[in-house]
Amino acid sequence: MKKIYLLLALATAVSISSCKKNKYAEGTLSPIIAVVDLRAIYKGSDVVLNSSNMGGAKEIVGVVISNAAAGNCPAGLLVVQNNRRNAVRGISLEIGNAAANYVPGDSVIVQVEGATLTKVNGSMRVKGLTESSVNKAATNKAVKVQSVPSATLLASPDVYEGTLVTIAKAVTDPEPQQGETYAGDKTINDGFGKIIMHTEANAAFATTELPFSANFTGIPFAVTSGADTKLQLWPRTIDDVFTLAATKPSPIIITGYLTNPSGSDADYEYIQLKATKDIDFSVTSYAVVTCNNAGTNPAPANGWAQGLAKTYKFNLTSGSVKKGQFFYVGGNKNIWGKGSTDISSSNWINSTMYAEVPGADFGNVTTNLLANSGNVAGIAVFTGTTVTASSVPLDVIMYGGGGTVYSAGPPEIGYRITNTDYYSTINPVTRTEQGFYGGGSNTSKLPLPTDGLFSQLGGVYDALTGRWVAGRTVTSVTLTLTSPISTIETATGVTTIQN
């Protein structure tokens with residue numbers, strides 16, 4: 001009996017001890033606050049920073065991204081960014097002329113306790129610092145650059161303000177006049193939105209001639225004008241601008257596709273395309289290739305020419321189409337599967353019963369030409385009817401899920417891309433060549449089509465320059481057995497051609 005009482009007493013003591021431990025947080029609070037948390041302290045009015053509102057912290061750490069000595073940064077500001085708590089964020093620090101003592105890549109520790117978090121002309125910064133508030137801990141640290149579409153940048157100003165970003169494949173809008181320079185405010189357009197690029201009159205590159213098309217890197221700063229606060233991109237030096245060669249226009253662009261018609265998919269899926277110039281296919285031939293990457297197979301060694309169950313090819317060798325006209329490639333000429341509206345009166349350049357007939361040159365018969373679930377799938381257009389592993393498409397889109405479709409090698413293999421609204425043959429951050437989907441920055445894909453709906457790719461294409469003035473976005477269009485062809489050809493949001 002005594003043993004039982006002893007055991008109960010020990011158990012009770014352990015229980016009480018455990019309860020007492022759980023009442024206290026163990027460890028020492030970090031002296032460092034992440035920039036993402038620092039920015040969150042601001043609630044619309046000035047805040048004096050202290051250990052209480054910073055959760056026990058008193059300093060921030062970061063890598064310098066500004067270059068005050070080059071002259072294109074708000075006066076007296078040192079801009080640092082860090083990546084803590086899985087969030088890249090930046091903040092501007094008022095330290096006066098001492099900002100010129102730092103260069104991009106310097107790692108710094110900044111004592112911010114007692115300073116004030118504020119906004120000046122809409123831009124968040126920390127003021128009340130001195131030169132001694134900043135301590136350089138290291139140099140030549142890697143600086144992270146994020147490639148961000150302008151629409152994303154403008155939609156999330158607090159996320160990107162004070163960080164280093166690249167807006168890829170943008171053009172100055174309107175096209176610069178001969179001899180026009182960087183100085184002042186210039187509008188740049190990447191096809192997903194427009195943003196102001198600002199260059200101070202005394203910047204080292206202010207008198208340099210402005211390019212038409214480039215990857216523009218810089219620091220976004222918020223600027224208030226009246227009731228509006230908008231981001232502006234401030235390049236730091238001329239090296240932040242990487243001029244791009246002119247894009248060659250594609251005579252054919254992909255504008256939509258039906259991946260899952262009513263009833264069986266076999267022979268009822270199709271692709272909608274649009275001509276950007278008059279084409280006689282009996283004189284100038286083209287090819288359309290689809291890829292379906294179901295399963296867990298390795299990346300295709302022959303890319304778009306892989307054939308078998310991976311890729312299927314249509315040759316376009318007869319018929320004609322006028323500039324701005326839609327045309328179709330696929331199986332039966334019905335808008336939404338068996339028994340639906342006959343759309344044979346539309347311009348069908350190739351109608352092949354792909355569930356019974358192999359692809360031209362490669363591609364097994366298939367009941368699922370265009371994937372509607374699972375791994376990533378795609379469509380590409382090529383000049384001529386010879387497509388090999390080295391062939392570069394005129395236009396290409398990828399959509400859907402994941403899957404192994406790329407290998408860095410060597411040798412590098414997968415599906416080749418070209419310069420489009422979503423893909424670039426030059427990496428906007430590293431400025432190195434990248435020619436495959438899945439390689440470098442070429443990871444964008446359209447969403448998986450909504451089951452049973454037509455995927456309408458709305459955008460604006462400039463047939464003269466080969467640029468997407470407005471990038472393609474997907475609208476899922478509801479079809480029925482009696483839908484007319486106008487549902488997918490004249491509805492609001494269809495792809496249009498300019499020039």
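The points below are grouped by topic.

This is a predicted model, in which local features need pLDDT of at least 70, side-chain atom pairs count only at pLDDT 80 or more, and totals for chains, interfaces and linings use all residues. Residues are numbered from 1 along each chain as its sequence is written, and side-chain values use heavy atoms, without hydrogens or water.

**Confidence**
- The protein chain has an average pLDDT (the predictor's confidence in each residue, from 0 to 100) of 93, and 94% of the residues score at least 70.

**Overall form**
- The C-alpha trace spans about 95 × 80 × 45 Å along its principal axes.
- Of the 499 residues in the protein chain, 50% are buried, meaning under 20% relative accessible area with a 1.4 Å probe, protein chains only.
- Among contacts between residues at least 6 apart in sequence, 68% join residues at least 24 apart.

**Pockets**
- A pocket is an open set of points on a 1 Å grid over the protein atoms alone, where a 1.4 Å probe fits, with protein on both sides within 12 Å along at least five of seven lines; lining residues have an atom within 4 Å of a point.
- The largest pocket has a volume of about 700 Å³, and its 33 lining residues include Ala-246, Thr-247, Lys-248, Asn-419 and Gly-466, which lie nearest its centre.
- The second largest pocket has a volume of about 350 Å³; 17 residues line this pocket, with Ser-147, Pro-149, Ala-168, Tyr-422 and Ser-444 nearest its centre.

Methods: Grid points are joined across faces, edges and corners, and a volume is the space filled by probe spheres set on the points. Contact means heavy atoms within 4.5 Å.
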